Amino acid sequence: MAANVSKLNMARLRRSSVFSVFQLDLLRELLCVLVAFCVLTQQSLADQQEFFEDFLKREYSLVKPYRGLGFSSSSQWDLMGTAMVTPDHVRLTPDQQSRQGAVWSRIPFVLRDWELRVHFKIHGIGKKNLNGDGIAIWLTRDRMQNGPVFGNMNQFVGLGIFVDTYPNTDKTHDRTFPYVSVMLGNGTLMYDHDRDGRTTELGGCTAMTRNSIYDTFLLVRYSKNKLTLMVDVDGKQEWRDCAEVSGLRLPTGYYLGASSATGDLSDNHDIISMKVYQLTVERTPEEEEEEEVITVPRLDDMYQFQVDVEEEGMSGLQLFFTLLFSVLGLSVLAVVGLVLYGRWKENKRKRFY
Ligand SMILES: [Ca+2]
């Protein structure tokens, strides 16, 4: 009997210790769930915050699936040249020589403060520095134009962001390519392809965007007349500063686009997405007043518009003609002077008779 009782007690004791272990586990699990819930809630709150601040504008964005892109009348985008759509990307040019392609938004861009994130891919079979030419992202007055600036017109009006993959100028080895740079065109400035746009660039950075194993992204942010350019090309999922330009005034009503060109050298130039976010930015009444409506893009610091241009001075031919016309002009003046002097002298002599 006693043995039976002690067996029963032992069983109870075992059951109660099992229960307490079970309780402890349960408590621990509950705690974990609670902590995870808190973290997730915070995370989702942060996400929500981000969602509200950066509002994706679908009418300006190019995202998958690219239904009807380029041919449907309801599409917000036009294709030109060699550009073609696949389920995974919009290929501006294939890895073949002398191709030009572009994709242009049909809708005038009217946001004041915005952020553009471009997911792109440049790849090909050519060896390093035996490939070209790169991709340009545009926000310009004109759209659907052919030309020498990565497949778009020169002397453009608006913003150009270039991902230049080929060093055209071999005189200087001051930078490593691919090189990302920004330019503001006012209709008279020329992008100098032979100098990789050095004469007109407002800033830039090296970014290893070609044949990368990582996804490559560009970010352009424009707010309160400040343009910020960032890149994410190292697979770190973080933005790296590339260029910053203050006092940059860009009119609204321009068009968003991307273009590319190949020459003797080539690459596949693909756009995967172009996402536009509207930024919520508060302005003081003074700031509102200060922001005038403009019709031509400009920089407050106009010196930046004349980068290197003055340095070049006159070309040999210009100098020759300037000298020639100066000499001719002086000669004519001298002859006229001599004739007049001769007549005056003649008249003076006649008066004495
Ligand atoms: Ca180049």
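Predicted model: local features only at pLDDT ≥ 70, side-chain atom pairs only at ≥ 80, totals over all residues.
Reader: Over how many bridges do β6 and β16 pair?
Author: Strand β6 covers residues 114-123. One of the residues facing β16 is His123, which stands opposite Asn268. The two strands are antiparallel, and the number of bridges is 10.

Reader: How many helices and strands does the protein chain have?
Author: The protein chain has 353 residues, and 29% of them count as buried (20 or more other C-beta atoms within 10 Å of the residue's own; 12 or fewer is exposed, in between is partly exposed, and C-beta atoms are placed from the backbone). Among contacts (C-beta atoms, placed from the backbone, within 7 Å) with a separation of 6 or more, 70% join residues 24 or more positions apart. The count of elements is 4 helices and 17 strands.

Reader: Why is one side of β2 and of β10 left without a neighbour in the sheet?
Author: Seven strands form an open, antiparallel sheet in the order β2-β5-β15-β7-β8-β9-β10. β2 (77-81) and β10 (203-206) are at its edges, so one side of each lacks a neighbour, as each has a single partner strand.

Reader: By what angle are neighbouring strands of this sheet turned against each other on average?
Author: The axes are lines fitted to C-alpha atoms, for helices over the stretch in contact, and angles run from 0 to 180 degrees between N-to-C directions. With direction ignored, the average is 15°.

Reader: Which residue in β15 stands opposite Ile135?
Author: Strand β7 (residues 134-140) pairs with β15 (residues 255-261) over 7 bridges, in the antiparallel sense. In β15, the residue opposite Ile135 is Ser260.

Reader: How many of the 8 residues of β9 are buried?
Author: β9 is joined to β8 (residues 157-164) by 8 bridges and to β10 by 4 bridges. In β10, Gly204 is the bridge partner of Ser181. β9 is largely enclosed by the rest of the structure, because the number of its residues that are buried is 7.

Reader: Is Asp194 buried or exposed?
Author: Asp194 lies in the loop between β9 (179-186) and β10. Beyond its neighbours within four places in sequence, it is in contact with Asn168 and Thr169. The C-alpha atoms of Asp194 and Thr169 are 5.9 Å apart. Because Asp194 has 9 C-beta neighbours inside 10 Å, it counts as exposed.

Reader: Which residues touch the most other members of the largest nonpolar core?
Author: A nonpolar core is a set of buried Ala, Val, Leu, Ile, Met, Phe, Trp, Tyr and Cys residues joined through C-beta atoms within 7 Å. The largest one has 60 residues. Val103 touches, among others, Leu62, Trp77 and Ile271. The residues asked for are Val103 and Ala258.

Reader: How far apart are the end C-alpha atoms of residues 319-341?
Author: An unreviewed UniProt entry annotates residues 319-341 as "transmembrane region"; its positions are given in the numbering used here, feature names are shortened, and annotations may be inferred rather than shown by experiment. The stretch is 100% helix and 0% strand, and the separation of its end C-alpha atoms is 33 Å.

Note on methods. Residues numbered from 1 in each chain as written. Contact = placed C-beta atoms within 7 Å. Pairing = 2+ DSSP bridges.
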